[in-house]
Amino acid sequence: MGAGRVFAYGAAAGLIGDLLLGDPRRGHPVAVFGRAAGAVERVSWRDHRGWGALHTVVCAGGAVALGGVAARAVRESAVASVALTGAATWAVVGGTSLAREARAIGRALEAGDVEGARARLPHLCGRDPQALDADGIARAVVESVAENTSDAVVGALVWGAVGGVPGLLGFRAVNTLDAMVGHKSARYRRYGWASARLDDLAGWPGARLTAVLAALAGDDPQGAVRAWRADAGKHPSPNAGPVEASFAGALGVRLGGTLSYGGRVEHRPVLNGAGRGAGTRDIERAVRLSRRVGWLALGVCVAARRIAKGRTS
């Protein structure tokens, strides 16, 4: 069985596994990697970019190497190769957990339980929930669903198509390192610089594919493209900008604006300013759009890998 079919069957099995099982409550492989990365950080932390780069190389490089060793060990068996790809895909994607958390917040808002929604919001994103009303929480959830569709699903599939199991594990490692040390706190401004920049590079193709597919799968393709072209570049993140703007246009809602992270207020540009304010009902719409984008991304990545293999054979 060729590598293209191995990826196609394995990635599809992994997405189905995520749909049926979601993330385990204990012992998730990403959590295990996070603990290992934390142990490396405790040994290597210095307020210096060079030490931060070393941390990134050791952790992300280790994940890629582990994937390479595992793939090589099973390469003589098509069944084992598909199973390994499926397990790796399930381990690195997080679409079901994303949908569950978003919907749980949506249900709380529908029931009028704003305090309950505030309590659950940190499970989904790093916003300060106490400053948000119901519409502010809904907007934060829609933005998080959009961004994590790229980070937790599409980006992983893109790198899986490029590099197989090592690509899957490497992408998730880079994305996890960025979440751990890539933010601009006093401790990580220098140490996390390499992880943040590598995450920007690794996330670039997945973010653009997510934006394209959101436009194709959403209710307003022209609005999605218009918002992407007009507003994506205003966003401080080179990858979240296209994704959130495209989702905003596709859903017909207005995203962005003032928000608070860790007590720090940020005034972000408005995305799709012609849209209406995001509300509770838009959470479910965003989740459904995210699902469609994920499955479309699988099809695109499988087709791209088969075309690439055909040209090189």
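Modeller: The axes of helix 7 (residues 134–181) and helix 10 (residues 240–251) come within 9 Å and cross at roughly 125°. This is a predicted model, in which local features need pLDDT of at least 70 and side-chain atom pairs count only at pLDDT 80 or more, while totals for chains, interfaces and linings use all residues. Residues are numbered from 1 along each chain as its sequence is written, and side-chain values use heavy atoms, with hydrogens and water left out.

Colleague: What counts as a helix, and how is an axis drawn?

Modeller: Helices (H or I, at least four residues) are DSSP runs, numbered from the N terminus. Axes are lines fitted to C-alpha atoms, for helices over the stretch in contact, and angles run from 0 to 180 degrees between N-to-C directions.

Colleague: How is the angle between helix 7 and helix 10 classed?

Modeller: Angles under 35 degrees count as roughly parallel, over 145 as roughly antiparallel, 65 to 115 as roughly perpendicular and the rest as oblique. At roughly 125°, helix 7 is therefore oblique to helix 10. Their crossing is right-handed; that is, the near helix is turned clockwise from the far one by less than a right angle.

Colleague: Which residues make the contact?

Modeller: Contact means heavy atoms within 4.5 Å. Helix 7 contributes Val-142, Glu-143, Ala-146, Glu-147, Thr-149 and Ser-150, and helix 10 contributes Ala-240, Val-243, Glu-244, Phe-247 and Leu-251. By class, six are nonpolar, two polar and three charged. Here Ala, Val, Leu, Ile, Met, Phe, Trp, Tyr, Cys and Pro count as nonpolar, Asp, Glu, Lys and Arg as charged, and the others, Gly among them, as polar.

Colleague: How do helix 2 and helix 3 run relative to each other?

Modeller: The axes of helix 2 (residues 29–44) and helix 3 (residues 49–73) come within 10 Å and cross at roughly 150°, so helix 2 is roughly antiparallel to helix 3. This crossing, too, is right-handed. Phe-33, Ala-37, Val-40, Glu-41 and Ser-44 of helix 2 meet Trp-51, His-55, Val-58, Cys-59 and Ala-63 of helix 3. Seven of these contact residues are nonpolar, two polar and one charged.

Colleague: And where is empty space left?

Modeller: Rolling a probe the size of a water molecule over the atoms shows where empty space is left.

Colleague: Which helix gives the largest share of the lining?

Modeller: Helix 11, with five residues. By class, the lining has nine nonpolar, three polar and two charged residues.

Notes: Helices (H or I, at least four residues) and strands (E, at least two) are DSSP runs, numbered from the N terminus.
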